[in-house]
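This report goes through selected side-chain contacts in one protein chain. Please look at the sequence and the structure before reading on.

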Amino acid sequence: MSQQVLGLVENQSDWYLGNLWKNHRPWPALGRGFNTGVILLLLDRLRKLRWEQMWRLTAERELMSMLSTSLADQDIFNAVIKQNPFLVYQLPCFWNVQLSDHTRSEKCYKDVSDLKVIHWNSPKKLRVKNKHVEFFRNLYLTFLEYDGNLLRRELFGCPSETDHNSENLQKTLSELDEDDPCYEFRRERLTVHRTHLYFLHYEHEPAADHTDVTLVAQLSMDRLQMLEAICKHWDGPISLALYLSDAEAQQFLRYTQGSEVLMGRGNVGYHIVYKEGQFYPVNLLRNVAMKQVNTPYMFLSDIDFLPMYGLYEYLRKSVLQLDMANTKKALVVPAFETLRYRLSYPKSKAELLSQLDMGTLFTFRYHVWTKGHAPTNFAKWRTATTPYRVQWEADFEPYVMVRRDSPEYDRRFVGFGWNKVAHVMELDAQEYEFVVLPNAYMIHMPHAPSFDITKFRSNKQYPASASRP
């Protein structure tokens, strides 16, 4: 008893018995082996047994003949137990009911009320031949869309030790003045959002020439339809922060799985920030996406813009031409917009200028916020053939490519207003040069206004608060 250090349930499949198909050769195991979906570990005893050395030696020995594992850590645990049966304490199987098509899982329990842990390790397990499969499926789907923020609160008045961090948070909240016009904004900056980095598989090896660039953007569920179009316009890596509820995260998963375009792209990193609070944490989202960039450069965009075809390659060439590695530059990609939902996207600068002259395209926000992009100097851009430097001016908010080590956004800005302006001001304060690229452009696509911009326009207090977080 004193040597038992692992609590495990017997494996309910025939995997470790072997001969499931021709040349099926599983790792060594005791009988049916043990399933490592649920493991109880006595850590102190494991350390005394020098567990780390034990499993490594076993794994290295078996790998000489097996070459690889089929079931990862489970194979190694079973190989160790085969050599040292005294290590394991066999748990009752209702602590790890492994859903499968065989009836062995049903023999684990008389009624579902007896169950402790139900084990799904594949979407296929939702279609098993089990008398309680409908109950299991409903339970699984309920938890998939469960509001995870509820799990962070003490839902029932059970006695518990005082959480030091929670106590500090409550103290900080109590010090805020509820009559302050910025109260809700100040409260918002104290929110800690649950974040799931790399919600889907991501794989990208940056180019060896150190010119690689990642497109960075953030979005919520109502902008999901832009993803496929952006992927068609931008071949390079993308880092996206998505602001979703738990239920929306599952909708997003189904959306991507149904899209050939998105499933065909392994170089898009999706990072989910779960919804909490009343404001859209726009700059927090941008920072989350920026921190996951693994290329030397990043193009800071917005999800409702389509970059020109070939912009990825053009930016990489500009890295070398403008010596980005050794200078502090922000390369400006001029921004345009269309009011047409169906636009024949210009394939060249000449075609864009033609559409501009015909009134199909406009310089971005020309009619509501000309100051935001006026320093780009669109008149000069029309005939420019070489990059040109522009000076920062108040309210300038261009879309830029910068080095990965550039300043983050100020996360105190939430909702709508001044978030990019403050970031560009920070770049200027740190003496970045703003250089406009003569053959680059991006186009803002029309969409319904967001909830936050509607609130910004309708609430007199919001703009004043947003401008002084």
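## Terms and model

A residue is called buried when its relative accessible area is under 20%, exposed when it is over 50%, and partly exposed in between. The model shown here is predicted.

Glu433 has a relative accessible area of 27%, so the residue counts as partly exposed.

## Salt bridges across the sequence

How many salt bridges does the count come to? The count comes to 16 salt bridges. One of them joins the side chains of Arg389 and Glu433, at 3.9 Å from N to O. Arg389 belongs to strand S15 and Glu433 to strand S17 (residues 433-436), so this pair ties together parts that are 44 residues apart in sequence. Some salt bridges share partners, and in this way Arg286, Asp302 and Lys420 are joined into one network.

Another salt bridge is formed by the side chains of Asp395 and Lys371, with 2.8 Å from N to O. Asp395 is found in the loop between strand S15 (388-390) and strand S16 (399-403), while Lys371 is found in the loop between strand S14 (362-363) and helix H13 (378-383); the pair therefore ties together parts that are 24 residues apart in sequence. Lys371 is partly exposed, because its value is 45%.

## A salt bridge within one helix

The side chains of Glu52 and Arg56 also meet in a salt bridge, at 3.7 Å from N to O. Why are these two residues separated by about one helical turn? They are 4 residues apart in helix H2 (residues 51-66), which means a separation of about one helical turn. An α-helix has 3.6 residues a turn, so residues three or four places apart point the same way. Arg56 is partly exposed, with a relative accessible area of 41%.

## A mostly covered helix

Helix H3 (residues 73-83) is mostly covered, with 8 of its 11 residues buried. Among the buried residues of H3 are Gln74, Asp75, Ile76 and Phe77, and Asn78, Ala79, Val80 and Ile81 are buried as well. Which elements cover the buried residues of H3? They include strand S1 (6-10), strand S2 (34-41), H2 and strand S3 (88-90).

## Aromatic pairs

The structure holds 16 aromatic pairs. In one of them, the ring centres of Trp15 and Trp21 are 5.6 Å apart and the planes stand at 65°, so the pair is edge-to-face. Trp15 is buried, with a relative accessible area of 18%, whereas Trp21 counts as partly exposed at 47% relative accessibility.

Tyr243 and Tyr280 have ring centres 5.4 Å apart and planes at 85°, so this pair is edge-to-face. The pair links distant parts of the chain, 37 residues apart: Tyr243 is in strand S8 (residues 238-244), and Tyr280 is in the loop between strand S9 (268-274) and helix H10 (282-291). Both tyrosines, Tyr243 and Tyr280, are buried. Elsewhere, Phe199, Phe252 and Tyr270 form one aromatic cluster.

## Charges over rings

Aromatic rings also meet charged side chains. The charged end of Lys349 sits over the ring of Trp381, 4.3 Å from the ring centre. The charged end of Arg286 sits over the ring of Tyr409, 5.1 Å from the centre. Arg286 is also part of the salt-bridge network with Asp302 and Lys420.

Note on methods. Residues numbered from 1 in each chain as written. Predicted model: local features only at pLDDT ≥ 70, side-chain atom pairs only at ≥ 80, totals over all residues. Heavy atoms only, no water. Salt bridge = Lys/Arg side-chain N within 4 Å of Asp/Glu carboxyl O. Buried < 20%, exposed > 50% of the residue type's maximum accessible area, 1.4 Å probe, protein only. Contact = heavy atoms within 4.5 Å. Phe/Tyr/Trp six-rings, centres within 6.5 Å; stacked < 30°, edge-to-face > 60°. Lys NZ or Arg CZ within 6 Å of the ring centre and 35° of its normal.
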